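The discussion then turns to a second residue and to a pocket.

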Amino acid sequence: MPAPLPDVVLTAEQIASFHEHGFLSIPRITSPAEVELLRSTLTRLFTERAGWQEGAQFDLVAGDDDHDSALTQIIQPVNYAPQLRDTQFRANAGAIARQLLGAEASASFEHSILKGAREGAPTPWHQDEAYRAADAFEYDQISIWMPLQDASAERGCLQYIRGSHKRGVLRHRRVNDDPTVHSIETHPDEFDLADAVVCPVPAGGAVIHAGRMIHSAGPNTTDEPRLAYTLAFELPPRPSATVRRFDWNEGVESADIIRRRAWLRRGGVAKEVVRRARYHELYKPRRLAFELRRLAGRRK
Ligand code: NI
């Protein structure tokens, strides 16, 4: 089957609003039928613990020994379910990314988060760019977050700190200063909770935010799990004035990193190279050139 064509176009007002506020909410980015398909596919991946051995599925706020996993993430779910490849969601998200970032925008990353019913833990406040490796580049990136159930404040929709996208990458720390936890959080001295905007979205709608927008999601207190699927896009990296240092990303020994390292050592490297080449379209010379520049600029 051919890849679907985009059927959502942002208006000039929506584009201007995104650049002014750092986020944008849209009521539809895919069809109800595709929402059903994505929900069942991703639910199966979580149930089957797809990618667990590879370190691609893990709890965001607890270690492996904590059995009450309440905030589970799968990195690159498309690696475990080919039906996620050619979706209306992906077609629309790519077109929106090109409208917001420019024609050179390309897919950089994707993930799905399952927030359990009644006990789903909150997602800590953070800037997405603060998760990147410290290196000699700055990134223009956006995330397109689609819930697969109606996301209300009670079910853990996203919240944003007004105007934060215009700031630099702020100080972060590991949650509880625990190097075995995956998630980071923006240092609480860096922002004011009074500036938070709660952003409910219907299933199959989306919120789009810039890479430096401080955001979080509340706990899920409802009887239904909250499943969300995010696609991220970026422009080629820009050289930064100074080499950046994100000390919160140094010396991390989270459970997923330990499992991933072991998997790469057992021969996962070859598989990873093939997956990346496909996902980042490295067969395109311009795209390959960006990736090589990025690798060369990475901090030793
Ligand atoms: Ni985020």
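Leaving aside neighbours within four places in sequence, R132 is in contact with Y139, Q141, E234, F246, N249 and R294. The model considered here is predicted. R132 itself is located in the loop that runs between β5 (123–126) and β6 (137–138). Two of its contacts are polar and link side chains: one of 2.7 Å joins R132 to Q141, and one of 2.8 Å joins R132 to E234. The relative accessible area of R132 is 19%; because the cut-off for a buried residue is under 20%, R132 counts as buried.

Residues up to four places away in sequence aside, G218 touches K115, A121, P122, G156, C157 and Q159. Between G218 and W125 there are 9.7 Å in space, C-alpha to C-alpha, although the two are 93 residues apart in sequence.

The second largest pocket has a volume of about 750 Å³. Its lining comprises 28 residues, of which R98, A107, Y279, E281 and K284 are the closest to the centre of the pocket. At least two lining residues are supplied by each of α3 (88–101), β4 (106–115), α4 (255–279) and α5 (285–297). The largest share, five residues, belongs to α3.

Conventions. Residues numbered from 1 in each chain as written. Predicted model: local features only at pLDDT ≥ 70, side-chain atom pairs only at ≥ 80, totals over all residues. Heavy atoms only, no water. 1 Å grid on protein atoms, 1.4 Å probe; cavity = no way out; pocket = protein on both sides within 12 Å on 5 of 7 lines; lining within 4 Å. Points joined across faces, edges and corners; volume = space filled by probe spheres on them. Helix = DSSP H or I, 4+ residues; strand = E, 2+ residues; numbered from the N terminus. Contact = heavy atoms within 4.5 Å. Buried < 20%, exposed > 50% of the residue type's maximum accessible area, 1.4 Å probe, protein only. Polar contact = N/O pair within 3.5 Å; in protein donor to acceptor, adjacent residues only side chain to side chain.
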